[in-house]
Amino acid sequence: MIRYCQEGRQKVNRILDAARQARASGDLDLAERHYNSLLSNPATPHETGLACLSELAELELARGNVRKAVECLGHLLKLKPDAGGPRQRLCTIANRLEQVATDPKVTRDNATHVGILNTLARCYCLLDLIHEAADTLARLTRLLPDSAEVHFNLGNLLGECRDPERALVHFDRAVALKPDWLEAHTHRTFLMGYNALRSPEETLAAHRRWAALLPDIGKPLTHGAPQPSEQLRIGYVSSTFRRHSANHFLFPLLEHHDRKRFTIHLYSNARTTDTATERFRTLADAWRDISELSDRDAAEAIHGDDIDLLIDLDGHTEGNRLPLFALKPAPVQVTYLGYCTTTGLDAMDYWITDGVLVPEDDCEHTTETIWRLPRCWAGYEPPEHSPAVDPLDTEGVTFGSFNEYSKLNCNVIDAWAQILNRVPRSRILIKTRRNADPSCRERLIAEFAAHGIEAERIVLQGHSSDYLDVYNELDIALDTFPRTGGVTTTDALWMGVPVVTKTGERMIERQGESLLRSLGLDDLVAETPEAYVETAVALAADDERLKHLRREIRSRMRASELLDGRDLAHRIESAYSEMWKRHLSKA
């Protein structure tokens, strides 16, 4: 075996040397064949593959094929995200393309101009420069106004760029140009639901339209006459059975299921595995990886496991397997936790929420029957090795938000600026992955400046491993709206930081309210943007209450239903049992 490995490495090295020699002699076609033979060989070592991609990119540049060079560099970055060389090379290419794109000779040749802008947009996307990519695609829409693909790509970027209304305009255009394009409808419904952009009636219609476009993969599966059972088979389907923020809400449920009354099957669509995956495996009576199975095959596998209730944990989020639910692999199907509105599927029987998220007089329109838990819809598992809560800093008030950049819309920035203008010596700390992008930082600072807030009062941080420690720098966390925080809110509370939230009519607007009411912090829930500002300003002026909350919130959480996973599991199991009884009564 050792000799075989040595011979294999020697062969790889010989091919790599041959590629380099061919490239040096100017035989680029031969060099390309050698590089591709190594890249297609599973035995090629990882580092050798990275070298091949880097050298192949240079080869393509030498040919003048910038688009192929960019794709090689993109593949390299996917394999090694922290690689500095490819990023620098992409920046150089992007700078050159920007110059070429404004050349009058190029702008007069529509096809050439389109190709350059497409490649430039791709460069910016690979560099994670979302605003530059969006600006480039906006230029491209003027050249290709009837390209559904360009409108689709621009819609995705504008959603990331905190402009969901403009994003929806381009998604609308994409589906108008290609009415049967399922992927475009998927992204459109997700954006519409998560940002509460349209009425409940319009939102339901969009989700139903998506469902109607699902490909025909056969007739729905049938089930025999249901029988009463002392042990129900519960199946959970998710793409997040891996390291993911949602697991802080999911582990408390799975850890406390009554295994005498319920058999737990986990169906994973996760594309990667890690230590969290291993933990999920220990919480399952049966585990099945469905990530490589078609919707039909996955549905038939679930059907073969005789699942009584099948639970979707993803909704329309990335990696979901909603199409398999359309085949009805289980007699009772439920959506829970991962989404904020209807799935649009007639085959989905129930949507589990609570009475705060979706009140009895709610305005939501759904294909599912809404099932309200008699407690907060989620439980919370604090991060392992959480840091201690530090005392308050007495030097001014620090507001903060660790929510996603895409949630920081103009109405949120306006409210935050009003708060800063009302609270002397205050500042705001905004921590989000996108702050690694200079353009994102510059735009946030400019928006605050338009409201009279100096740059020195704005602290912008990117992602870091000391995420929880940074909460010790905050006095008050400010929730976003209409997309309120979930795990971000519970993390802040766990670190002793009170959270001010603005509620609304839709489920996505009420997550913060449900979490805060579960802790008896009802007075931190505001009904209007004006009340949101007043609540934050009043809290900032109340030093004694801030100190009290800092000392008390973590212990209050420990004693609350939020950290009572056993109660959450009991309530949800009761819901499953009642759903099954109703199914039996209809048989």
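## Charges over rings

Arg279 lies over the face of Phe251, 3.7 Å from the ring centre. A charge counts as sitting over a ring if NZ of Lys or CZ of Arg is within 6 Å of the ring centre and within 35 degrees of the ring normal. Lys178 also has its charged end over a ring, that of Trp181, at 4.7 Å from the centre.

The model is predicted: local features need pLDDT of at least 70, side-chain atom pairs count only at pLDDT 80 or more, and totals for chains, interfaces and linings use all residues. Residues are numbered from 1 along each chain as its sequence is written, and side-chain values use heavy atoms, with hydrogens and water left out.

## Aromatic pairs

Rings of Phe, Tyr and Trp (its six-membered ring) pair if their centres lie within 6.5 Å; planes under 30 degrees apart count as stacked, over 60 as edge-to-face and the rest as tilted. The count by this rule is 14 aromatic pairs. In one of them, the ring centres of Phe241 and Trp287 are 5.9 Å apart and the planes stand at 50°, so the pair is tilted. Phe241 lies in the loop between β1 (232-238) and α13 (247-255), whereas Trp287 is in strand β3 (residues 286-289), so this pair ties together parts that are 46 residues apart in sequence. Helices (H or I, at least four residues) and strands (E, at least two) are DSSP runs, numbered from the N terminus. Phe241 has 0% relative accessibility and counts as buried, a term for under 20% relative accessible area (1.4 Å probe, protein chains only).

A tilted pair is also formed by Phe402 and Tyr471, because their ring centres are 4.2 Å apart and their planes are at 35°. Phe402 belongs to the loop between β8 (398-401) and α17 (410-422) and Tyr471 to the loop between α19 (467-470) and β11 (476-478), so the pair ties together parts that are 69 residues apart in sequence. Both Phe402 and Tyr471 are buried. Elsewhere, one aromatic cluster is made up of Phe241, Phe251, Phe280 and Trp287.

## Cavity and pocket

On a 1 Å grid over the protein atoms alone, a cavity is a set of points where a 1.4 Å probe fits but cannot get out, and a pocket is an open set with protein on both sides within 12 Å along at least five of seven lines; lining residues have an atom within 4 Å of a point. The structure holds one cavity of 30 Å³ or more. The largest cavity contains about 70 Å³ of space, and its lining includes Phe402, Tyr471 and Asp479. Three lining residues, the largest share, come from α20.

The second largest pocket holds about 450 Å³ of space. It is lined by 26 residues, of which Arg162, Asp163, Pro164, Asn409 and Cys410 are the closest to its centre. Helix α8 gives the most to this lining, with four residues.

## Cysteines

The structure holds zero disulfides, a disulfide being a pair of cysteine sulfur atoms within 2.5 Å. The closest cysteine sulfur to that of Cys123 is in Cys91, 8.7 Å away, too far for a bond. Cys123 is buried, with a relative accessible area of 0%. Cys340 is likewise in no disulfide, and the nearest cysteine sulfur, that of Cys363, is 12 Å away. With 3% relative accessibility, Cys340 counts as buried.

Technical notes:
Buried means under 20% relative accessible area, exposed over 50%, partly exposed in between (1.4 Å probe, protein chains only). Grid points are joined across faces, edges and corners, and a volume is the space filled by probe spheres set on the points.
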